[in-house]
Amino acid sequence: LQEYLQAMCEVIVTCRGTLDKFIGDCVMALWNAPQPLRQHERAAVGAALDMQARLQKVNQGWLAQGLPPLRFRIGINTDRVLVGNFGCEYRINYTVLGDGVNLASRLEAATKPFGT
């Protein structure tokens, strides 16, 4: 799992994304914050394509070692969301909140029936 997460995060950072959090084996990332990014939509889609290509390389290495390949799903949405430090005195996180974030999650989940 560490090798997979490292590979995906390298792609996100290279494509000028901001790593938000890990949710199990899921990587949540965002673009256009904290620094504005022109054509952030294009950067996010480019990252998704690069992540798919990178996973193929990771899987090739695993198959050569007799390990099973990994598959993943992607959900991308662009919307106005709240971004910043949210939490309480016990724990605070820099993250995004809003319907647009929820929709991206639902889009990712909606690809499951397609075998992704």
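**A helix pair and a hairpin in a predicted model**

Strand β1 (residues 18-23) and strand β2 (residues 26-30) pair in the antiparallel sense, joined over 5 bridges; two strands are said to pair if DSSP finds at least two bridges between them. Strands here are DSSP runs of E with at least two residues, helices are runs of H or I with at least four residues, and both are numbered from the N terminus. This is a predicted model, in which local features need pLDDT of at least 70 and side-chain atom pairs count only at pLDDT 80 or more, while totals for chains, interfaces and linings use all residues. Residues are numbered from 1 along each chain as its sequence is written, and side-chain values use heavy atoms, with hydrogens and water left out.

The hairpin of β1 and β2 has 2 residues between the strands, and G24 takes a positive phi near 65°.

The next element to consider is the helix pair. Helix α1 (residues 2-14) and helix α2 (residues 40-64) have axes that come within 9 Å and cross at roughly 150°. Axes are lines fitted to C-alpha atoms, for helices over the stretch in contact, and angles run from 0 to 180 degrees between N-to-C directions. The helices α1 and α2 are therefore roughly antiparallel to each other, a term for angles over 145 degrees. From α1, the contact (heavy atoms within 4.5 Å) is made by E3, Y4, A7, M8, E10, V11 and I12, and from α2 by A47, D50, M51, R54, L55, V58 and W62. The residues of this contact comprise 10 nonpolar, no polar and 4 charged; Ala, Val, Leu, Ile, Met, Phe, Trp, Tyr, Cys and Pro count as nonpolar, Asp, Glu, Lys and Arg as charged, and the others, Gly among them, as polar.

R54 lies in helix α2 and touches A7, M8, E10 and V11, not counting residues up to four places away in sequence. R54 is partly exposed, at a relative accessible area of 27%; buried means under 20%, exposed over 50% and partly exposed in between, with a 1.4 Å probe and protein chains only. N59, also placed in helix α2, counts as buried at 11% relative accessibility. With the same exclusion of residues up to four places away in sequence, N59 touches P69 and L70.

Finally, L103 is found in helix α3 (residues 99-110) and is partly exposed, with a relative accessible area of 38%. The C-alpha atoms of L103 and A44 are separated by 15 Å, the two residues being 59 residues apart along the chain.

Methods: Angles under 35 degrees count as roughly parallel, over 145 as roughly antiparallel, 65 to 115 as roughly perpendicular and the rest as oblique.
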